[in-house]
Amino acid sequence: MIHDRHLFGPGPTNPYPEATLALGAPILGHLDPAFLELMDETCAMLRQVWGTGNARTLPLSATGSAGMEAAFVNTVHPGDVVVVAVNGLFGQRMCDVAARCGAEVVPVEHDWGQPVDVERVLAAHASPAIIAAVQAETSTGVRSDIAALGAGKGDALLLVDAVTSIGGIELRADDWGIDVGYAGTQKCLGVAPGLAPFTIDDRAFSRRVEKPRSWYLDLGLLGGYVGEASGSGGRTYHHTAPVAMVASLHAGLTRILDEGLEAVWARHEAAGRQLQDGLQEMGLELFAAEGHRLPELTTVKVPDGVDSAAVRRYLLETHDLEIGAGAGAFATSVWRIGLMGPNASPDRVLLALAALRDALAHA
C-alpha cells in the first residue's frame, strides 16, 4: 500500500511537485553530454542557494551525513585542532567524525535549545585548524550566528552544517566566511533524500588532505567530474552519479530560484511565525530560545501528562501526518514540527495546528 503522508517532521519533507515529476524523466547516462549539462546547471544553481562563487560546489552522491564525512575527511590532518560548537545532536556528531579523522577535538558545550555562544567558541583555542558549527540545529530548532563566527575565525577554516538551513533561511557562504559547507536535499530544498549539496573554497581546498581516508568522498578525485570541471569538457570518470536524483534537484532548485530565493526565505519565515504563534495560543510552550528559533523547524514541549508517542501515532494513523519526536534526552518531552519546502505555506500551518489540537483532545 502506498501512503501519502503530510511530512511535517524534521525531514524529509514533501517535495516540490516539480522535483517529483523530474524523477520520472527518461534516465540518461552519467557521462551523456545532456546529463553533464544538467549537472553543470545544477552546480550553478547550488552556488546561488549557498551564496558562493566557489567552483567546487556540487551535489555529492550521498545523503547529508556523507556531506559531513566529506567535509572532515578532506580537511582534517592527524593532530589538527578542531573546535566544535556543540548545541545539539549534530554538533555531537561533528565531534565524533572529526575524532575518527585523527583530530584533537575541542568541544564547546551549550545547553540544548540555546544558540552557539560565538565568543566562547572563538576563545576555546588559540590557533585551531578548523572551527565547526551547525547553522540550524535540527535536534533543537535553534539558529546560530554563522556570520559572527566567520568574522572572528582568524586563520582557521570555518566548516558549517547547513542541512536544515539551505533554501529555508538566509545563507551567505562567501559573505560569512564559510570555507566548507554541506547540506541535504530533503529539507527546505524540497527534494527527496539522497544528495548532499557541498561547497569548498580555494583556501580550504589548498589545505586539503592529499589522500583522504575515503576514496569515494575524495574531493580531489570528484573535482575532475563535477564542480571545478564544469564547462571544461575535461571530465574524468569517478562514479556513476544518481542521474534521476540530480534531475530532481535541478527541478527543485529551478522552482526555488523562479520564486526568488529571498521570497522563499520570507515564505518559510511567515509559516514558522504562524505556526509558533498558533502553538502558543493553544497553551503549548516552545523549546528553543526566543529570538533564535528556526522558522522551518519548530520545537515544542510535550505537555505534562501527555504521551508523546501516542499523540504522534494518532496523527499518523488518523491524519496521515508525521511530526518528529525530540532527540537525545528530550526524545519524549519535545516534538519537532517542520514546515519546509512546499510545506512552508499557510494552509499547511492550519492543517498542522488543527490535527495537533485533535490529537491532544484524544491523548
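Strand β11 and strand β14 (residues 334-338) run antiparallel and are joined by 5 bridges. Two strands pair if DSSP finds at least two bridges between them. Before going on, note that this is a predicted model, where local features need pLDDT of at least 70 and side-chain atom pairs count only at pLDDT 80 or more, while totals for chains, interfaces and linings use all residues. Residues are numbered from 1 along each chain as its sequence is written, and side-chain values use heavy atoms, with hydrogens and water left out.

Contact here means heavy atoms within 4.5 Å.

On the α10 side the contact is made by R255, I256, L257 and E259, and on the α11 side by L261, A263, V264 and R267. Sorted by type, the residues of this contact are 5 nonpolar, no polar and 3 charged. In that sorting, Ala, Val, Leu, Ile, Met, Phe, Trp, Tyr, Cys and Pro count as nonpolar, Asp, Glu, Lys and Arg as charged, and the others, Gly among them, as polar.

### The seven-stranded sheet

Another open sheet has 7 strands in the order β2-β10-β9-β8-β5-β3-β4, and its pairing is mixed. At the edges stand β2 and β4 (104-109), each with a single partner strand, so one side of each is left without a neighbour in the sheet. From one strand to the next, the twist averages 15°.

Helix α2 (residues 33-50) packs on this sheet, where α2 touches β2, β9 and β10, and the direction of α2 makes about 110° with that of β2.

Here are some of the strand pairs in this sheet:

| Strands | Sense | Bridges |
|---|---|---|
| β2 (residues 56-60) and β10 | antiparallel | 5 bridges |
| β9 (residues 180-182) and β10 | antiparallel | 3 bridges |
| β5 (residues 130-134) and β8 (residues 157-161) | parallel | 5 bridges |

In β10, A196 is the bridge partner of L60, P197 that of P59, and F198 that of Y182.

Now for β10 itself (residues 196-200): 5 of its 5 residues are buried, so β10 is largely enclosed by the rest of the structure. Buried means under 20% relative accessible area, exposed over 50%, and partly exposed in between (1.4 Å probe, protein chains only). A196, F198 and I200 point one way from β10, P197 and T199 point the other way, and all are buried.

Strand β2 is also largely enclosed by the rest of the structure, because 5 of its 5 residues are buried. R56, L58 and L60 cover one side of β2, with T57 and P59 on the other.

### Cysteines and an arginine

How many disulfides does a search of the whole structure find? The search finds 0, with a disulfide taken as a pair of cysteine sulfur atoms within 2.5 Å. The closest cysteine sulfur to that of C95 is in C101, 12 Å away, which is too far for a bond. C95 counts as buried at 14% relative accessibility, and C188 counts as buried at 0%.

Finally, R120 lies in helix α5 (residues 118-122) and counts as partly exposed, at 39% relative accessibility. Leaving out residues up to four places away in sequence, R120 touches V108, E109 and H110. R120 and H110 are 10 residues apart along the chain, and their C-alpha atoms are separated by 9.9 Å.

Technical notes:
Helices (H or I, at least four residues) and strands (E, at least two) are DSSP runs, numbered from the N terminus. Axes are lines fitted to C-alpha atoms, for helices over the stretch in contact, and angles run from 0 to 180 degrees between N-to-C directions.
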